[in-house]
Amino acid sequence: MITEHELRSIITSGETLDVEFKGESRAQLNDNDIVEAIVCLVNGGAQKTRYLVIGVEDDGTITGARKRHGSVTDASKLQGMIAARTRPELSTNVHVVYIDDVEVIVIKVYGVGHLTGTSHGKFMRRTMGGDGKPMCVPMDVSAINSFNVNFGGLDASASVVQGVVWNDLDPVEFARYRQFIESGRGDQSLLELDDLELALALGAASRQDGVVHVHATGLLVFGKASALRTFIPNHEVAFQVFSGTDLVVNQISNHPILRALEETERMFAARNTESEIFVGMQRIGIPNFSSRSFREVVANAIVHRDYLLRGAVNIQLVDDMLTVSNPGGFPDGVHQGNILVTPPRPRNPRLADVLKRAGIVDRTARGIDTIYLEQLRNGRPAPSYEQSDQHSVVVKIPGGNVRVGFVTYLTERQNSGRPLTLDDLLVLNQLFELRKADTKSLATSIQKAERETLSVLHRLVEQGVVEDRGARRGRLWLLSADVYDRLGDRTGYVRQRGFDVLQQRAMVEQYLKTHGKITRAETAELCKISLPQAYRLLKALVNKGLAVSVGSRGRGTHYEYIHR
C-alpha cells in the first residue's frame, strides 16, 4: 500500500524516466491511454519499479483522478484491464490514495527485462526529449532490436550476417590478428590454426551442411572494408584532434576493428607527449595519457557499443583532455556509480571474447581497473563517466600537469615492495584533491559499502598513509603528516590540522555567545569530534580566559561564556 507521505514524496521529485504524471482535469483518460503509458514505462529497460500517477498534472499539481467503475475506483478491475491489454500480460499493483481531498490513482509496475507491447501490437518506450523532459515515443524495428541487445540478452555480434560470404573476409586481417596474439598476451594455441579453423574456433564463423556462415564478429574483425560498409554501416571509429576550437585532425575509419585500432593508436602516439621526473637516480617517463589506458578505453568502446544504432566510436583529443564515447548507454544494471565493482557485462560477448583472445583487452574482463590504475599511477585525476546517459557512454580522461609529489610517493612505495591497490589509490586521490573527506564520500569514490571502506581506511591508517579526526558520523579522514612530507607539502598538513582547530574554536565561541553555555557532549556534536577532543578544546578556551568551567567534574560540568 502506498501511503500519502510516499505519494507526496514521488510527486515532489517530479516526472522522471521512472515516474509519469497523467492529469485528468480536462478529460478522463481512456483505457488505451493508460495501457500505452504503462507499456512505455515498463520498456524503460532496467528491472526496477516505476509509477504511473493519474490525477497529477505534468507540473506536479494535484487535480485528482476521475472516478472509474462507479463511485469508487476498483483497483482490481484496473489491474485486470491492464493485464488483458498487454503482451506478455503485465502484473501491476494499483493503489487509490486520497490526498488533498481528491482521489489519486498510483499504478506500480516492475520492469520485467523483456519487451512488452499492447494487445494491438504497439510498442512504446520512455526516453528524454530534446527539451530535457521525459516523454513516450514509438519503437521502430531498430529500437526493438536495440532493446533486445541491451536488456534481453541478445548478442548481436554472434548473429549470422545474411548475404556475407567467406570471400568477404580479408586474409590480411587474419594475419593481423595473429600478430596481435604474438605481440601481446593472446591465446597462443590459436596460432596453429589456418584462417577457416581460426574463424570457426573463435565463433566468428560457423559451418552447416558444408556452408560457411559469417557472423557479425567475423565481419567486424576480419572483414573487408567494402563488406563492412555494406552490411554493418554503423561501424565507424572517428579520431579527432582539436587545438582550442580548431579541428586539426579528423580521421574516420570504417576498416575492420584491428586495423582501425592500429591506425588510431598510431595517430594518438604521435601526439602523446611525455614528461620526466627523477626519483633518486631513477628516471621516470610520464606520458600525457597512458598508452595501455588508451587501448583499453578505445577497445571497451568498440566492444560495448550498440551496433544497431547509428554513430561512431568517437575519440577526441582536446588540449589536455581525452574523451571517448560510443553509441548505446551502459548495459542493464551498470552505471557510473558501480562501474568498478559490477561484474563484466559486455553488450557484445562474442566480440569481447575474440578481442580478449587476441590479447587486445584484459583477459580478466577488468579493463576498467587498468584505465583507473594507469591514470592514478601517472599522477592524474581519476577518469570521469559523468556525461554518460541512456544513449551513450562517455569517458573523460584528464592529462596535463603531473602531480610530481604524488608520483614520487607512489614510486617510492612500489620500489620498497609496498604497492597500493586501486582502492588505496582512489582514497589517496580523493584526499589529495579535497584535503579531507568523510567515510561516506570515500565509499562513493571507491564504490564500496561503508563497512568495506572502513577496512581500507583502517589499513591505510596502520600503514601511516592517512589519519582520522573526530568520531562516529563526524569522523573525517586526511593524508598523514608523513605523506604530506613526501608530497613536498609540509605546510599542507599543518594548514589542515590548524584550520580545523581554529574553525572548531570559532564554532564553540559563537555557540557560547548565542546560548551562554555549552557541555562537552554538545561540543563534540557541534564540531563532530570525540569527547576527549571536546574536553581539550574547552580546556583551551578556559585557559585563554574565554570560558569558565561550572559545576562538579563529570557529567554535571558545563562551560559558560565570559563576557568582555
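Helices (H or I, at least four residues) and strands (E, at least two) are DSSP runs, numbered from the N terminus. The model described here is predicted: local features need pLDDT of at least 70, side-chain atom pairs count only at pLDDT 80 or more, and totals for chains, interfaces and linings use all residues. Residues are numbered from 1 along each chain as its sequence is written, and side-chain values use heavy atoms, with hydrogens and water left out.

E4 and strand E5 (residues 102–110) run antiparallel and are joined by eight bridges. Within this part of the sheet, Thr-92 stands opposite Val-109 in E5.

The backbone around E4 has several features of note. Most residues other than glycine have a negative phi, and most peptide bonds are trans. The peptide bond from Arg-87 to Pro-88, however, is cis, with omega near -10 degrees, and Pro-88 lies in the loop between strand E3 (86–87) and E4. In the loop between E4 and E5, Asp-100 has a positive phi, near 55 degrees, although it is a residue other than glycine. Asp-101, placed in the loop between E4 and E5, also is not a glycine and has a positive phi of about 65 degrees. Asp-100 counts as partly exposed at 48% relative accessibility, whereas Asp-101 is exposed, with a relative accessible area of 80%; buried means under 20% relative accessible area, exposed over 50%, and partly exposed in between (1.4 Å probe, protein chains only).

Attention now turns to the interior. A nonpolar core is a set of buried Ala, Val, Leu, Ile, Met, Phe, Trp, Tyr and Cys residues joined through side-chain atoms within 4.5 Å. The largest has 91 residues, and those with the most contacts inside it are Tyr-177, Leu-219, Ile-360 and Tyr-385. Apart from this core lies another, of 19 residues, among them Val-39, Leu-41, Leu-90 and Ile-105.

Helix H12 (residues 367–377) is mostly covered, with nine of its 11 residues buried, including Ile-368, Tyr-372 and Glu-374. Its buried residues pack against helix H10 (291–304), strand E17 (392–398), helix H13 (404–415) and helix H14 (422–434). Just after H12, Gly-379 takes a positive phi of about 75 degrees.

Asn-348 is located in the loop between strand E16 (321–327) and helix H11 (349–357). At 1% relative accessibility, Asn-348 counts as buried. With neighbours within four places in sequence left aside, Asn-348 is in contact with Asp-155, Ala-156, Ser-157, Val-303, His-304, Arg-305 and Tyr-307.

How values were computed. Pairing = 2+ DSSP bridges. Contact = heavy atoms within 4.5 Å.
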